[in-house]
Amino acid sequence: MDQAAGEIKSGSYNVAHPDGITFEDFLGVCLETTGGAGRPVWVDPSVLIGNGVKQWTELPLWRTHSGVWSVDSSRAAAAGLRCRPLPETIRDTWSWLQNDRPVDHPRWAEHGIDPEKEAKILASL
């Protein structure tokens, strides 16, 4: 934020990109930036829920709870929040992931969907 420490106001700030970025845009930039050959397949959440896909862990950033992604960051923007361009953030994050393992966590192996489970869901579409 652009304020001096003595000027910072207390309280809660929702820190999210103030311009709003769709998940489709996010994935598109991820694929372009990383050189990935994946192709997003959009399905109704009921299909994933019906196949027992765990939100957030088996399918990162997937949440169906009402309001999860409805975040008003106008207060943070008014206080000086500035977001880097999405491609720059993804490029730097990808570089970091290629060179270092993120923080070790006891549930590390629980993240990501089993390829057989994913193939079964895709075949059912």
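Mentor: We begin with secondary structure: helices (H or I, at least four residues) and strands (E, at least two) are DSSP runs, numbered from the N terminus. Trp56, for instance, lies in the loop between α2 and α3. This is a predicted model, in which local features need pLDDT of at least 70 and side-chain atom pairs count only at pLDDT 80 or more, while totals for chains, interfaces and linings use all residues. Residues are numbered from 1 along each chain as its sequence is written, and side-chain values use heavy atoms, with hydrogens and water left out.

Trainee: How many helices and strands does the protein chain have?

Mentor: The protein chain has five helices and zero strands. Because its radius of gyration is 18 Å, well over the 14 Å that the globule rule gives for 125 residues, the protein chain is more spread out than a compact globule. That radius is taken over C-alpha atoms, and the globule rule is 2.2 Å times the number of residues to the power 0.38. Along its principal axes, the C-alpha trace spans about 55 × 35 × 30 Å.

Trainee: What percentage of the 125 residues count as buried?

Mentor: Buried means under 20% relative accessible area, exposed over 50%, and partly exposed in between (1.4 Å probe, protein chains only). Of the 125 residues of the protein chain, 14% count as buried. Helix α5, residues 115-124, is hardly covered, with one buried residue among its ten.

Trainee: Which contact is found at the start of α5?

Mentor: A polar contact is a pair of N or O atoms within 3.5 Å; within protein, one must be able to donate a hydrogen and the other to accept it, and residues adjacent in sequence count only if both atoms are side-chain atoms. At the start of α5, a side-chain oxygen of Asp114 comes to within 2.8 Å of the backbone nitrogen of Glu116.

Trainee: Where is Gln55 found, and which residues does Gln55 touch?

Mentor: Gln55 is in the loop between α2 (45-50) and α3 (74-78). Its side chain reaches the backbone nitrogen of Thr64 at 2.8 Å. Contact means heavy atoms within 4.5 Å. Leaving aside residues up to four places away in sequence, Gln55 touches Trp62, Arg63, Thr64 and His65.

Trainee: Which residues form the nonpolar patch on the surface?

Mentor: Patches are made of residues with over 30% relative accessible area and no salt bridge; like charges are joined within 9 Å, and nonpolar side chains (Val, Leu, Ile, Met, Phe, Trp, Tyr) within 5 Å. Accessible areas come from the Shrake-Rupley method with a 1.4 Å probe, and for residues only the protein chains shown count as cover. Here Phe23, Trp42, Trp56, Leu61 and Trp69 form the patch, with about 560 Å² of accessible area together. Trp56 has 39% relative accessibility, so Trp56 counts as partly exposed.

Trainee: How many salt bridges does a search of the whole structure find?

Mentor: A salt bridge is a side-chain nitrogen of Lys or Arg within 4 Å of a carboxyl oxygen of Asp or Glu. The search finds four. Among them, Arg84 pairs with Glu88 (3.0 Å, N to O) and with Asp92 (2.4 Å, N to O), while Arg91 also meets Asp92 (3.1 Å, N to O).

Trainee: Is Arg84 buried, partly exposed or exposed?

Mentor: Arg84 is partly exposed, because its relative accessible area is 39%. Glu88 at 30% is partly exposed, as are Asp92 at 33% and Arg91 at 46%.
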